[in-house]
Amino acid sequence: MLICLFLIVLCQTVIGLYLTRDIFAPWIIGSSLWVAILLLFEIVPNNYYPVNDHFIPSLLLWTTGFFISSIWSYTRTRDASPAEQKAVPNEQIVRLYYFFSFAIAPIIVGVTVYIAVTEDPENVFRYLRIMNTGMDENIEAPDFGPAMNIVSVAYVSMFFALVYSKSKALIASLLVLNFLLAFITMSKTSFLCILFASLYVLYIKKKVTVKHIAFCLVGFALFSIVLNGLRASSSGDGSESEGDNIFAMYLLSSTVAYDHFTEPCSSHEPGARTFRLAYALQSALGADVEVADVILPWVEVPGPTNTYTVMYPFYQDFGLCGVLVFSIVYGLFFGYLYRKSSSGGKTATILYAVFVTFLVLAFIGEFIFTNLSQSIQYVIIALLPFLIQRRLVLWGK
């Protein structure tokens with residue numbers, strides 16, 4: 001059955017490439033990603049459980065729904081208007097973004113590293129990772145309160161600089177700052193978000209080619225091995241040092257976890273994972289509701305993992321119908337942004353850069369609805385300078 005699924009998704013990829021050769025088109029990313037994952041199941045040695053029951057029908061619905069809806073949304077959306085192509089953000093707001101990023105983010109990095117060095121100097125890298133993942137309930141990341149929102153500001157600011165700034169020093173500084181914020185999480189996904197999204201903006205601006213992108217992604221793969229080795233050598237127990245299994249661990253384990261440790265319509269509340277933010281708000285207002293954890297439970301597949309692919313919250317909440325419906329929602333959203341961005345819309349370019357990496361990470365987990373509060377932050381931070389500038393222009397008239 002996996003072979004049949006592979007052929008179907010491969011056909012989607014070929015059709016997508018026929019429609020457009022742009023590697024950043026959502027339907028190409030959405031299909032080619034799963035072509036790679038399914039192919040790796042056959043060529044990468046692993047001892048994981050076989051994949052059959054839940055994953056195959058789910059992925060068929062997900063890729064098909066996303067493929068059709070993203071193309072439909074793209075074809076039904078108009079190109080960016082001249083005003084969208086020439087949109088300029090409010091300079092004062094963007095400068096405030098830069099100021100707060102450089103003023104607060106280094107403090108977050110410094111304090112976090114200091115705690116790790118102080119608490120466990122022999123296992124600094126592993127300690128940083130545990131603070132981020134919650135693997136040990138006795139180790140928690142420092143609570144910076146509202147100041148942690150500056151992480152989102154710094155991330156979006158990087159794209160404003162890439163799109164509008166001519167200062168290479170500013171762009172380099174924001175890139176370094178974001179990499180430092182990723183470093184204190186010791187998370188490869190954080191590094192990939194910065195790298196892939198930045199490459200997209202540079203690709204749109206014709207600063208890099210497909211060849212450059214390929215070299216960067218190969219470099220990221222090598223960097224991932226090094227990062228994994230740092231965490232393993234820091235731990236001293238070799239728990240993460242299985243170099244021959246690292247690709248299977250990070251590329252395949254989520255799929256196996258989804259297949260063996262999910263049950264349709266089994267959430268403790270209707271839509272508990274998909275609409276987690278709504279339950280969190282109700283709980284904050286005093287309602288007696290259980291809020292789903294962002295960090296999912298660790299399971300053995302037989303190796304340990306706590307990621308379950310992009311389909312997990314929708315399947316857990318609503319079954320196969322949920323997988324199909326939200327694949328369409330995803331497709332409509334990304335198809336619209338891609339059309340506006342690829343036709344020169346500046347606001348859409350920033351928003352697409354913010355969210356496009358989540359398509360690449362679909363084999364790991366769902367990031368938009370599960371972390372909806374952060375997704376909303378991204379949108380507000382990205383739109384605010386444009387909205388204020390537009391209002392000022394209207395007032396000026």
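Me: What does Trp 34 touch, leaving out residues up to four places away in sequence?
Reply: In this predicted model, Trp 34 touches Val 9, Phe 55, Leu 59, Trp 62, Thr 63, Thr 255, Thr 309, Ala 362 and Phe 363.

Me: And which residues of the largest nonpolar core touch the most other members?
Reply: Trp 34 is one of them, together with Phe 55, Trp 62, Tyr 155, Phe 159 and Tyr 330. That core has 118 residues.

Me: Changing topic: how many cavities of 30 Å³ or more turn up in the whole structure?
Reply: The search finds one. The space in the largest cavity comes to about 80 Å³.

Me: How many of the lining residues are nonpolar, polar or charged?
Reply: Nine are nonpolar and three are polar, while none is charged.

Me: What about pockets? What is the volume of the second largest pocket?
Reply: The volume of the second largest pocket is about 540 Å³. Its lining has 18 residues, and those closest to the centre of the pocket are Ala 83, Ala 87, Thr 347, Phe 386 and Arg 390.

Me: Which element gives the most to that lining?
Reply: Helix α16 does, with six residues. The elements that give two or more residues are α4 (82–85), α14 (312–342), α15 (346–360) and α16 (372–396).

Me: How does that lining divide by class?
Reply: The lining of the second largest pocket has 12 nonpolar residues, three polar ones and three charged ones.

Me: Staying with α16, is Leu 383 buried, exposed or partly exposed?
Reply: Leu 383, which is found in helix α16, counts as partly exposed because its relative accessibility is 27%. Apart from neighbours within four places in sequence, Leu 383 is in contact with Thr 347 and Leu 351.

Me: How many Å apart are Leu 383 and Leu 175 in space?
Reply: They are 21 Å apart, C-alpha to C-alpha, and 208 residues apart in sequence.

Me: Now the backbone. Is the peptide bond from Val 301 to Pro 302 cis or trans?
Reply: That bond is cis, with omega near 10 degrees. Pro 302 is in the loop between β1 (299–300) and β2 (304–305). For context, most peptide bonds are trans, and most residues other than glycine have a negative phi.

Me: What is the phi of Met 186, then?
Reply: Phi of Met 186 is near 50 degrees, a positive value in a residue that is not glycine. Met 186 lies in the loop between α8 (168–183) and α9 (188–204). This residue counts as buried because its relative accessibility is 0%.

Me: And Cys 265, buried or exposed?
Reply: Cys 265 is exposed, because its relative accessible area is 53% and the cut-off for exposed is over 50%. Cys 265 also has a positive phi, of about 55 degrees, although it is not a glycine. Its place is the loop between α12 (253–261) and α13 (276–284).

Conventions: Residues are numbered from 1 along each chain as its sequence is written. This is a predicted model: local features need pLDDT of at least 70, side-chain atom pairs count only at pLDDT 80 or more; totals for chains, interfaces and linings use all residues. Side-chain values use heavy atoms; hydrogens and water are left out. On a 1 Å grid over the protein atoms alone, a cavity is a set of points where a 1.4 Å probe fits but cannot get out, and a pocket is an open set with protein on both sides within 12 Å along at least five of seven lines; lining residues have an atom within 4 Å of a point. Grid points are joined across faces, edges and corners, and a volume is the space filled by probe spheres set on the points. Ala, Val, Leu, Ile, Met, Phe, Trp, Tyr, Cys and Pro count as nonpolar, Asp, Glu, Lys and Arg as charged, and the others, Gly among them, as polar. Helices (H or I, at least four residues) and strands (E, at least two) are DSSP runs, numbered from the N terminus. A nonpolar core is a set of buried Ala, Val, Leu, Ile, Met, Phe, Trp, Tyr and Cys residues joined through side-chain atoms within 4.5 Å. Buried means under 20% relative accessible area, exposed over 50%, partly exposed in between (1.4 Å probe, protein chains only). Contact means heavy atoms within 4.5 Å.
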